[in-house]
Every structure is written in structure tokens, then in C-alpha cells.
Amino acid sequence: SPPVKKPTKTASKATWKKRIKAACEKAGTYQPYFDLTIDALAEILTKRDAAEQKFIETGAQMVIAHTNKGGATNAVQNPLLRIINDFNRDALAYWRDLGLTPAGLKRINDKAAKNAGNVTLEDILNGAGL
């Protein structure tokens, strides 16, 4: 089996928040009211990183032996791998909502374009100071 990589230092929650906000700004989707969503995503990614580090530290085995109450030993998916996959699935939903996936960005851009077409005469007059 190939040697297991030593765990690298994982990003802190604050670092994840900065990275996510910067990605939103670059994509043109950042709004201040996204900060709570960004905070939640940063928490998920921090926990995912910790689980990945633990997975690597314990040998990075995808399948492990598990002995049940009856004494039978079976091969099962490593619970750490399941946790990592769950965090990744949860994070994907947040990435999408923030417009940081192709589908999420398209949805946000389509909504903005639709709303831009709904300008009323009152909006125009108010914008002109009239």
C-alpha cells in the first residue's frame, strides 16, 4: 500500500470565512446578508478538515473491520470517510446557494436578470431624483 501522507495543517474557521467571502466577491455574488451562510459553511469545512486529518492519522483506510455484538467481524466503510462525505455533501448545498457552483451562479444570475427587467416607471423616476 502507498505511504500515507502526513496530515497538513487545516485551515481555521476564520481562514475559511475569508476564502469563501473572497470567492463570492470574485464571482460577483457576495451580499452582506450572506455572512451567516458563509459562517455556517466555514464551520462545516473546518469540521470536514478535522475529520480528514483524523482519517489520515488513522491510516486512511476506506474499509475497516468491525466486530458486531454477535462477535462476527465484517468489512465496513470507515465511519470517518462517511462523515467526510456527509460534510462534503452539506457543504455543496451551501456552495450552490452562495453561487459558487456553475448551477448556483447561473441561478443567481438568472434571478438578477429577471429582476432587472422588472423596473417600474416609479423606480426610474426615483433613481433620477424626480
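This is a predicted model: local features need pLDDT of at least 70, side-chain atom pairs count only at pLDDT 80 or more; totals for chains, interfaces and linings use all residues.
The backbone of A60 has a positive phi, about 55 degrees, although the residue is not a glycine. Most residues other than glycine have a negative phi.

## Overall architecture

The protein contains five helices and two strands. Read from the N terminus, the order of elements is α-α-β-β-α-α-α.

Of the 130 residues in the protein, 19% are buried. Taking contacts between residues at least 6 apart in sequence, 59% connect residues at least 24 apart.

## Packing of α1 and α2

Helix α1 spans residues 13-27 and helix α2 spans residues 35-57. The two helices pack with their axes 8 Å apart, at an angle of about 125 degrees. The crossing of α1 and α2 is right-handed.

On the α1 side, the contact is made by K13, W16, K17, I20, K21 and C24. On the α2 side, the contributing residues are I38, D39, L41, A42, E43, L45, T46, R48 and D49. Sorted by class, the contact of α1 with α2 has seven nonpolar residues, seven charged residues and one polar residue.

I38 is part of helix α2. Its relative accessible area is 3%, so I38 is buried. Leaving out residues up to four places away in sequence, I38 touches K17, I20, K21, C24, Y30 and L98. Among these partners, K17, I20, K21 and C24 are also listed on the α1 side of the helix contact. I38 and K21 are 17 residues apart in sequence, and their C-alpha atoms are 7.0 Å apart in space.

D49 is also found in helix α2. With a relative accessibility of 8%, D49 counts as buried. Apart from neighbours within four places in sequence, D49 is in contact with T10, A11 and W16. One of these, W16, is among the α1 residues that make the contact with α2.

## The aromatic pair Y33 and F34

A pair of aromatic rings is described by the distance of the centres and the angle of the planes. The count for this model comes to one aromatic pair. Y33 and F34 form an aromatic pair with 5.1 Å from centre to centre and 85 degrees between the planes, an edge-to-face arrangement. The edge-to-face label applies because planes over 60 degrees apart are placed in that class.

F34, at 14% relative accessibility, counts as buried.

## T101 between α3 and α4

T101 is located in the loop between α3 (79-97) and α4 (102-116). Its relative accessible area is 14%, so T101 is buried. Not counting residues up to four places away in sequence, T101 touches L92, W95 and R96.

Definitions and conventions. Residues are numbered from 1 along each chain as its sequence is written. Side-chain values use heavy atoms; hydrogens and water are left out. Axes are lines fitted to C-alpha atoms, for helices over the stretch in contact, and angles run from 0 to 180 degrees between N-to-C directions. Helices (H or I, at least four residues) and strands (E, at least two) are DSSP runs, numbered from the N terminus. A crossing is left-handed if the near helix is turned anticlockwise from the far one by less than a right angle, and right-handed if clockwise. Contact means heavy atoms within 4.5 Å. Ala, Val, Leu, Ile, Met, Phe, Trp, Tyr, Cys and Pro count as nonpolar, Asp, Glu, Lys and Arg as charged, and the others, Gly among them, as polar. Rings of Phe, Tyr and Trp (its six-membered ring) pair if their centres lie within 6.5 Å; planes under 30 degrees apart count as stacked, over 60 as edge-to-face and the rest as tilted. Buried means under 20% relative accessible area, exposed over 50%, partly exposed in between (1.4 Å probe, protein chains only).
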